[in-house]
Amino acid sequence: MSTGKAYKLLKDLPKNPRILDVGCGPGMQTVELAKLSDGQIVAFDFHKPFLEQLEESIKKEGANHRIKIVNGDMRNLKFEDDSFDVIWSEGAIFIIGFEKGLREWRRLLTPKGYVVVSELSWLKDGAPQEAKDYMKQMYPVIKTIEGNIEIIQNSRYRLVDSFVLPSISWWGNYFTPIETKLPSLKTRFKDDQEALKVIAYEETEIEMFRKYSDYYGYVFYIMQKNDINSFRHYVTSKILKYFELLFIISIIALASRSPLSVTNPVIRFAGVISKPSFNSTFLPR
Ligand SMILES: C[S@@+](CC[C@H](N)C(=O)[O-])C[C@H]1O[C@@H](n2cnc3c(N)ncnc32)[C@H](O)[C@@H]1O
């Protein structure tokens with residue numbers, strides 16, 4: 001639902017946009033992105049079992065040809081500059097850090113490329129002390145929406161829009177299925193201290209969200225790389241590449257008119273590009 005809402009905010013995308021889904025997990029949103037777009041999607045995650053689950057879903061949906069699965073670490077993305085029209089990351093940019101992620105991902109984007117992320121944020125001021133204490137342990141670097149918008153602008157993106165993930169999405173897709181299983185898990189792992197710790201963690205997470213979801217939640221931030229400098233850089237680099245090529249061709253053409261051209265096979269081959277005339281004064285007679 002929110003994936004679709006965010007995707008529809010992206011305007012003037014190419015017909016087949018190239019999309020990178022960072023920290024895709026089992027990929028519910030990846031499959032949705034494949035349905036929403038006619039694009040090529042790279043689904044990227046660290047955790048292989050999630051990628052295997054995604055592979056199964058892709059087979060079921062018959063989207064094999066449009067989703068490529070890549071296993072790797074988002075702290076070291078080895079894609080070329082300008083590789084993607086959209087970078088998508090639901091609930092995962094926190095791993096690298098909101099600001100660092102935005103700054104590092106810029107180079108991967110085309111000049112008018114988009115980044116769409118969801119990030120845990122304070123939704124309003126005045127959170128009760130219990131909520132603040134909980135967040136201090138869980139996610140001490142959490143910012144307000146305004147704070148994140150400032151980071152977005154300082155990282156040279158234009159904020160297209162932002163919206164709060166409705167709490168129904170938390171309950172429907174996440175908390176309710178976990179909460180239903182907790183009692184039986186408690187019985188099953190009653191002697192396993194580590195497992196009981198994880199269960200207690202989940203119970204607290206659910207309890208806090210039930211009490212304080214007016215104060216914090218996931219926010220979708222839709223942003224576009226659009227500053228004039230990056231566009232100028234892109235155009236300049238293309239023009240420079242063109243002149244570089246022209247320069248090389250001219251050098252080869254000139255060299256092919258020199259006496260060396262007869263003995264040097266590379267220059268003789270290149271001479272096809274600019275064949276010297278037979279009455280050239282440079283040619284041996
Ligand atoms: C909270 S989950 C979000 C999954 C998915 N985007 C979703 O919304 O359902 C975070 C994901 O980030 C992945 N992850 C954690 N550390 C990572 C890393 N260093 N590089 C790539 N992915 C990572 C986890 O495996 C997990 O799938």
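Of the 16 residues around the ligand, those that come nearest are Gly 23, Gly 25, Phe 46, His 47 and Glu 90. Sorted by class, that shell holds 7 nonpolar, 5 polar and 4 charged residues. Please keep in mind that this is a predicted model; the mean pLDDT of the chain is 88.

**The chain as a whole**
- Of the 285 residues in the chain, 24% are buried.
- Among the contacts with a separation of 6 or more, 69% are between residues 24 or more positions apart.

**Confidence**
- A pLDDT of 70 or more is reached by 84% of the residues.
- The stretch to treat with care is residues 266-285, where pLDDT stays under 50.
- For that stretch the model has 26 contacts beyond four places in sequence.

**Strand S8 and its partners**
- Strand S8 (residues 216-224) runs antiparallel to strand S5 (residues 109-122), and 9 bridges join the two.
- Within this pairing, Glu 119 stands opposite Val 219 in S8.
- S8 also pairs with strand S7 (residues 158-164), again in the antiparallel sense, over 6 bridges.
- Here Ser 162 stands opposite Tyr 221 in S8.
- A handy reminder when viewing these strands: in a regular strand the side chains alternate between the two faces of the sheet.

**Helix H4 and what covers it**
- Which residues of helix H4 (residues 98-105) are buried? They are Phe 98, Gly 101, Leu 102 and Trp 105.
- These four lie on the same side of H4, because they cover an arc of only 95° around the axis.

**Lys 11, a loop residue**
- Lys 11 sits in the loop between helix H1 (2-7) and strand S1 (18-22).
- Is Lys 11 buried or exposed? Lys 11 is exposed, because it has 9 other C-beta atoms within 10 Å, and a residue counts as exposed at 12 or fewer.
- Lys 11 and Val 160 are 149 residues apart in sequence, yet their C-alpha atoms are 9.9 Å apart in space.

How values were computed. Residues are numbered from 1 along each chain as its sequence is written. This is a predicted model: local features need pLDDT of at least 70, side-chain atom pairs count only at pLDDT 80 or more; totals for chains, interfaces and linings use all residues. Two strands pair if DSSP finds at least two bridges between them. pLDDT is the predictor's confidence in each residue, from 0 to 100. Two residues are in contact if their C-beta atoms, placed from the backbone, lie within 7 Å. A residue is near a molecule or strand if its C-beta atom, placed from the backbone, lies within 6 Å of it. Ala, Val, Leu, Ile, Met, Phe, Trp, Tyr, Cys and Pro count as nonpolar, Asp, Glu, Lys and Arg as charged, and the others, Gly among them, as polar. A residue is buried if 20 or more other C-beta atoms lie within 10 Å of its own, exposed if 12 or fewer, and partly exposed in between; C-beta atoms are placed from the backbone. The arc is that of the directions from the helix axis to the C-beta atoms.
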